[in-house]
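Visitor: I'd like a walk through this model, one feature at a time. Could you start with how the elements are assigned?

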Amino acid sequence: MPTTVLLPSVVDAVDIPVVAAGGFYDGRGLAAALAYGAAGIAMGTRFLLTSDSTVPDAVKQYYLGRGTTDTVLTRRVDGVPHRVLRTPMVEKLDTAGPVRGLARAAGNAVRFRRLTGLSLPAMLREGIRMKRRSGFTWSEVIMAANTPMLLRAGLVDGSLDSGVLASGQVVGLLDGLPSVEELIDGIVDEAEAVLRKW
Ligand SMILES: Cc1cc2nc3c(=O)[nH]c(=O)nc-3n(C[C@H](O)[C@H](O)[C@H](O)COP(=O)(O)O)c2cc1C
């Protein structure tokens with residue numbers, strides 16, 4: 001749902017401060033969010049693409065080369081919709097049949113268990129809790145164990161072949177890797193200038 005539809009509907013529905021998220025990256029956006037009645041903004045993709053972010057540099061450069069239509073909203077990562085960069089790996093996930101997708105998810109679940117040191121009974125208990133909480137089917141629960149493995153492979157290990165890269169559509173509007181300090185100072189200055197002009 002576009003932020004221009006989601007944000008006013010949430011601001012009208014609740015009586016607590018609302019933080020706007022989805023597509024923000026500059027001072028104009030902050031000023032617009034404030035005009036909608038938000039208390040502030042949160043940014044995902046913009047902070048990922050800063051010099052302070054610990055994501056491997058090659059991965060940041062890959063993001064910087066993407067356009068606004070290079071993301072895809074997919075359920076094939078873990079059963080719930082995620083927006084990610086359209087990489088060859090994601091194309092493969094999207095076209096794999098349910099059985100191949102599930103086999104891959106089960107393999108990743110086992111790798112996740114090794115990584116976290118969780119015992120099999122502990123993992124099963126967590127799965128049962130998740131199933132009760134979310135109403136997922138068992139195959140969706142197995143796929144949910146996929147996400148940490150796939151995000152880690154992409155954003156920590158820097159593997160474009162085996163990882164998924166979470167991203168907003170705003171990726172296509174970003175260039176350069178400012179520090180977080182430069183980024184926030186610039187956004188606040190620009191928002192103030194925009195609001196003063198009004
Ligand atoms: C690296 C990264 C990790 C994310 N992880 C999560 C997450 O764990 N849960 C979630 O609900 N959304 C997650 N998101 C989606 C953000 O909530 C979403 O991007 C946010 O609305 C900000 O939008 P923006 O990226 O356009 O700034 C992630 C986004 C990125 C870029």
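Guide: Helices (H or I, at least four residues) and strands (E, at least two) are DSSP runs, numbered from the N terminus. M1, for instance, sits in the segment before helix 1. Keep in mind that this is a predicted model, where local features need pLDDT of at least 70, side-chain atom pairs count only at pLDDT 80 or more, and totals for chains, interfaces and linings use all residues. Residues are numbered from 1 along each chain as its sequence is written, and side-chain values use heavy atoms, with hydrogens and water left out.

Visitor: How many helices and strands are in the chain?

Guide: The chain has ten helices and four strands. Their order along the sequence is α-β-α-β-α-α-β-β-α-α-α-α-α-α.

Visitor: Is M1 buried or exposed?

Guide: The general idea goes by relative accessible area: buried is under 20%, exposed over 50%, partly exposed in between (1.4 Å probe, protein chains only). M1 counts as exposed because its relative accessibility is 73%. Across the 198 residues of the chain, 37% count as buried.

Visitor: Which residues of helix 2 are buried?

Guide: In helix 2 (residues 27-35), they are G27, G29, L30, A31 and A33. Their cover is judged by contacts, meaning heavy atoms within 4.5 Å. It includes helix 1 (3-13), strand 1 (19-21), strand 2 (40-42) and helix 10. After helix 2 comes G37, with a positive phi near 105°.

Visitor: And how do I read a surface patch?

Guide: Patch members have over 30% relative accessible area and no salt bridge; like charges are joined within 9 Å, nonpolar side chains (Val, Leu, Ile, Met, Phe, Trp, Tyr) within 5 Å. A salt bridge puts a side-chain nitrogen of Lys or Arg within 4 Å of a carboxyl oxygen of Asp or Glu. Areas come from Shrake-Rupley with a 1.4 Å probe, and for residues only the protein chains shown count as cover. Here M1, V5, L6, V10, V14 and I16 make a nonpolar surface patch of about 540 Å².

Visitor: Which residues gather in a patch of negative charge?

Guide: Asp and Glu count as negative, Lys and Arg as positive, with His and the chain ends not counted. A charge is placed at NZ of Lys, CZ of Arg, CG of Asp or CD of Glu. The negative surface patch brings together D52, E181, E182, D185, D189 and E192. E192 belongs to helix 10 (residues 180-197) and is partly exposed, because its relative accessible area is 40%.
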